[in-house]
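Please read it alongside the coordinates.

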Amino acid sequence: MKTFSLAKSSILMATILAMSAATITGCSSEKETKAVDRVEEAEALARVKSLEARAEELKGSMPAATEMTASVGGADATSGKPTIKMPDESTIPDDERGAAIRRGLQIVNHTYKELPDNVGNQLNCTSCHLSNGSEAYAAPWNGLPGIFPIYRSRGGRVNSLQERINGCFERSMDGKALDLGSDDMNAIVSYMGWLSQDMPIGVSPEGRGFVKVDKTLEPNPDNGKKLFAEKCAVCHGGEGEGQYNDDGTYVYPAVAGDKSFNDGAGMARTYTAAAFIKGKMPFGQGNTLTDQEAVDIADYFTHLPRPVKANKDKDWPNGDAPKDVRR
């Protein structure tokens, strides 16, 4: 509607200029002017004044340029950044690339069933990357192909998107890396590329990563244990073991124990886990906990027994490790 108002105003202003020009041209330099010409000239001037008044009225209701920019092209109205959304599946092409995209979607939603040789626990990629990996503030993948390669301090080097995905397989999935050129890796990357259609290259969308929490807060694990029992155990179990269907698939994923992520995963860090909890937990009740409550819960369950990541001592080789890193 704003764009339409802008177009109407532009046409209106063009009309005013054209009529003004016509009026000036119509003012005869001849000594004699017919009475009818005078009447037409007066009528034209009156129309111009009316149009000018209408243009001024429209101008007052027009949005600022920054507001218009932020409201078009699927952008967040506040930041102007592209927004996170799941594209319509009808846009998946009916060809070899489309088959790869669909395979990628299947893998991320059923990872430990589809890739048992690469997954050491019973998690899926979408255990953390919610809603098919396309939910704001749940570590969405939208836009990632246009952001990578990027420098990551954990490894002290620039990583490709494929290397970043393998980091999740080795940590969050407590498993083994995929071959960088495998069909399954290409399927996951193809799916992420499809999620990122029409997104600008090199621009982080609004909702990338998790919400922010205050990392200066000191955790209280005793309070975290109490809150976990009150707010988390009904889904994730008293010891964070999760709940499962008869076929082995989970109803709610494990957040501790041998079916969960290892201690080298980002989610095993207090403040990273707290950011996820703050924005998305309890399920369907995101942003209902305080920062302190989220930090307390995270500190409690991330320190429950879980698989141990080998070679954690090689992480953050430049000595810039966050304070909540597991050693």
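The model is predicted. Its protein chain has 12 helices and 4 strands, and 41% of the 327 residues are buried. Of the contacts between residues at least 6 apart in sequence, 65% join residues at least 24 apart. The structure contains 9 salt bridges.

**Packing of H9 and H12**

- Helix H9 spans residues 221-231 and helix H12 spans residues 291-302; the two pack with axes 7 Å apart, at an angle of about 90°.
- H9 is therefore roughly perpendicular to H12, since angles of 65 to 115 degrees count as such.
- On the H9 side, the contact is made by Pro221, Asn223, Gly224, Lys225, Leu227 and Phe228.
- On the H12 side, Glu293, Asp296, Ile297, Asp299, Tyr300 and Phe301 take part.
- By class, the residues of this contact are 6 nonpolar, 2 polar and 4 charged.

- Asp296 is buried and forms no salt bridge.
- The nearest side chain of opposite charge is that of Lys226, 9.7 Å away; a salt bridge requires a nitrogen-to-oxygen distance within 4 Å.
- Beyond its neighbours within four places in sequence, Asp296 contacts Glu218, Pro219, Asn220, Pro221, Asn223 and Gly224.

**Salt bridges between parts of the chain**

- Side chains of opposite charge can pair when their charged atoms come close.
- Arg103 and Asp184 form a salt bridge with an N to O distance of 3.2 Å.
- This pair links distant parts of the chain, with Arg103 in helix H4 (residues 96-109) and Asp184 in helix H8 (residues 183-195), 81 residues apart.
- Arg103 is partly exposed, at 27% relative accessible area, and Asp184 is partly exposed at 22%.
- A second salt bridge joins the side chains of Arg171 and Asp315, at 2.9 Å from N to O.
- Asp291 is in helix H12 and Lys278 in helix H11 (residues 270-280), so the pair ties together parts 13 residues apart in sequence.
- Asp291 is partly exposed, with a relative accessible area of 22%, whereas Lys278 is buried, with 15%.

**Gly286 in the loop between H11 and H12**

- Gly286 lies in the loop that runs between H11 and H12.
- Its relative accessible area is 30%, so Gly286 counts as partly exposed.
- Leaving aside neighbours within four places in sequence, Gly286 is in contact with Lys278, Gly279, Lys280 and Met281.
- From C-alpha to C-alpha, Gly286 and Phe276 are 9.1 Å apart in space, and they are 10 residues apart in sequence.

Notes:
Residues are numbered from 1 along each chain as its sequence is written. This is a predicted model: local features need pLDDT of at least 70, side-chain atom pairs count only at pLDDT 80 or more; totals for chains, interfaces and linings use all residues. Side-chain values use heavy atoms; hydrogens and water are left out. Axes are lines fitted to C-alpha atoms, for helices over the stretch in contact, and angles run from 0 to 180 degrees between N-to-C directions. Angles under 35 degrees count as roughly parallel, over 145 as roughly antiparallel, 65 to 115 as roughly perpendicular and the rest as oblique. Contact means heavy atoms within 4.5 Å. Ala, Val, Leu, Ile, Met, Phe, Trp, Tyr, Cys and Pro count as nonpolar, Asp, Glu, Lys and Arg as charged, and the others, Gly among them, as polar. Buried means under 20% relative accessible area, exposed over 50%, partly exposed in between (1.4 Å probe, protein chains only). Lys and Arg count as positive and Asp and Glu as negative; His and the chain ends are not counted.
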